[in-house]
Amino acid sequence: MSSPVLVRAVREAVRVPGAPAPYDTAHVTIRHPARPASTEVERMSGMLPADASGAPYPVVVVVPGVNVSSEGYRWLAIALVEAGYVCVTYDWVGELFAGQNGLTPGVDLTAVGPETYGTKPTTPALAAVLDRLAELSCADGGDGGPLRGLLDLGRVALVGHSAGGTVALQSASPEWFPGVRAVVTYASHTMASQQLGHPAGTLLTAPVAVPVLLVGGSADGVVAASAVRYGEEAGAPGHDPLERTWREALPSAAEAWLAVLSGAGHMLPATPDDPSSARGFLEEPLDADQDELREAFVRLVTDFLAAKLRDDPAATATLQHHLDQPNPVFADIRRR
């Protein structure tokens with residue numbers, strides 16, 4: 001069945017200050033609700049007018065995992081637009097580690113060391129993307145096209161996957177991004193790599209002060225295999241970096257949720273998965289139906305965003321129901 005919401009995309013490119021050419025440009029896709037073509041110009045150009053009936057719309061920025069193309073998050077972006085948001089994804093080929101480039105959420109290696117962590121956002125991509133959105137949405141200047149007047153940049157949510165969720169948590173300080181009102185992550189934590197100079201077992205405190213939803217999968221083989229980076233043993237008792245992040249790393253969060261989907265793998269938010277990229281090969285074959293788990297994931301995310309960005313009482317009640325009534329889709333769900 002086709003969606004009752006017509007979703008269209010605007011493509012942009014932004015320069016990331018401080019990044020060396022040619023790795024200084026991120027390509028941005030902004031998906032928004034639209035109205036059907038009504039003129040010959042619209043039919044020929046494909047540039048359809050925005051559906052402004054719900055404007056200004058809250059904005060969701062999807063912060064990608066390492067070497068995960070934004071195309072993998074297209075399904076999620078469309079679902080978020082259908083739920084009443086403008087959704088932004090981006091692709092940036094840049095530095096992953098010293099001497100290695102790839103698709104990156106943007107990691108400022110000068111901001112993640114023991115002496116520098118907490119002094120600035122750990123991703124420079126976020127400011128570049130949000131600044132460009134502000135220009136496009138400006139109602140009294142600039143050529144924003146269908147985005148003019150459409151965006152509520154005072155109600156922004158970050159949805160990060162894997163390393164993208166880590167930098168979202170580490171960058172969502174109200175001092176740096178006051179418009180960010182909620183953060184959702186999947187398969188993300190704030191354990192610090194020893195390669196960056198941190199002692200084994202270091203958990204970095206995130207400056208996020210807004211409501212946070214940490215989602216993970218009980219069959220995530222990538223997080224388990226990465227324990228060696230943090231000086232821990234994969235599969236060792238007590239090694240649960242997501243649970244530890246929820247419990248210890250969010251002291252300023254207005255509210256913190258932890259939800260673990262039964263049988264979900266690391267690459268759940270990215271479909272179709274690209275087996276030639278990222279690290280999905282670290283996982284064993286998954287028995288659970290990942291499509292059904294994706295549906296549960298997006299329902300949870302849209303309920304959380306509706307409750308925290310829109311103060312929707314029905315969504316708030318649904319979240320409470322998850323806590324009160326056990327559901328086999330969740331291996332664990334908690335709030336503090």
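Pro272 lies in the loop between strand S9 (256–261) and helix H7. A cis peptide bond, with omega of about 0 degrees, joins Thr271 and Pro272. Helices (H or I, at least four residues) and strands (E, at least two) are DSSP runs, numbered from the N terminus. The model is predicted: local features need pLDDT of at least 70, side-chain atom pairs count only at pLDDT 80 or more, and totals for chains, interfaces and linings use all residues. Residues are numbered from 1 along each chain as its sequence is written, and side-chain values use heavy atoms, with hydrogens and water left out.

Another cis peptide bond joins Ala21 and Pro22, again with omega of about 0 degrees. Pro22 is in the loop between strand S1 (6–15) and strand S2 (25–34). In the loop between S3 and H2 sits Asn67, a residue other than glycine whose phi is positive, near 60 degrees. Most residues other than glycine have a negative phi, and most peptide bonds are trans.

Helix H7 (residues 290–309) takes part in two helix contacts. With helix H2 (residues 74–82), the axes come within 11 Å and cross at roughly 40 degrees. Axes are lines fitted to C-alpha atoms, for helices over the stretch in contact, and angles run from 0 to 180 degrees between N-to-C directions. H2 and H7 are therefore oblique to each other; angles under 35 degrees count as roughly parallel, over 145 as roughly antiparallel, 65 to 115 as roughly perpendicular and the rest as oblique. Trp75, Leu76, Ala79 and Leu80 of H2 meet H7 at Arg294, Phe297, Val298, Val301, Thr302 and Leu305, where contact means heavy atoms within 4.5 Å.

The axes of H7 and helix H8 (residues 313–324) come within 8 Å and cross at roughly 130 degrees, so H7 and H8 are oblique to each other. On the H7 side the contact is made by Leu300, Asp303, Phe304, Ala306, Ala307 and Lys308, and on the H8 side by Ala315, Thr316, Thr318, Leu319 and His322. Six of the residues in the contact of H7 with H8 are nonpolar, three polar and two charged.

The structure holds one cavity of 30 Å³ or more. On a 1 Å grid over the protein atoms alone, a cavity is a set of points where a 1.4 Å probe fits but cannot get out, and a pocket is an open set with protein on both sides within 12 Å along at least five of seven lines; lining residues have an atom within 4 Å of a point. Grid points are joined across faces, edges and corners, and a volume is the space filled by probe spheres set on the points. The largest cavity contains about 40 Å³ of space. Among the residues lining the largest cavity are Leu76 and Phe297, both also named in the contact of H2 with H7. S6 gives the largest share of this lining, three residues.

The largest pocket has a volume of about 890 Å³. It is lined by 39 residues, of which Val66, Phe97, Ala163, Arg229 and Tyr230 are the closest to its centre. H4 supplies the largest share of the pocket lining, four residues.

Terms used: Ala, Val, Leu, Ile, Met, Phe, Trp, Tyr, Cys and Pro count as nonpolar, Asp, Glu, Lys and Arg as charged, and the others, Gly among them, as polar.
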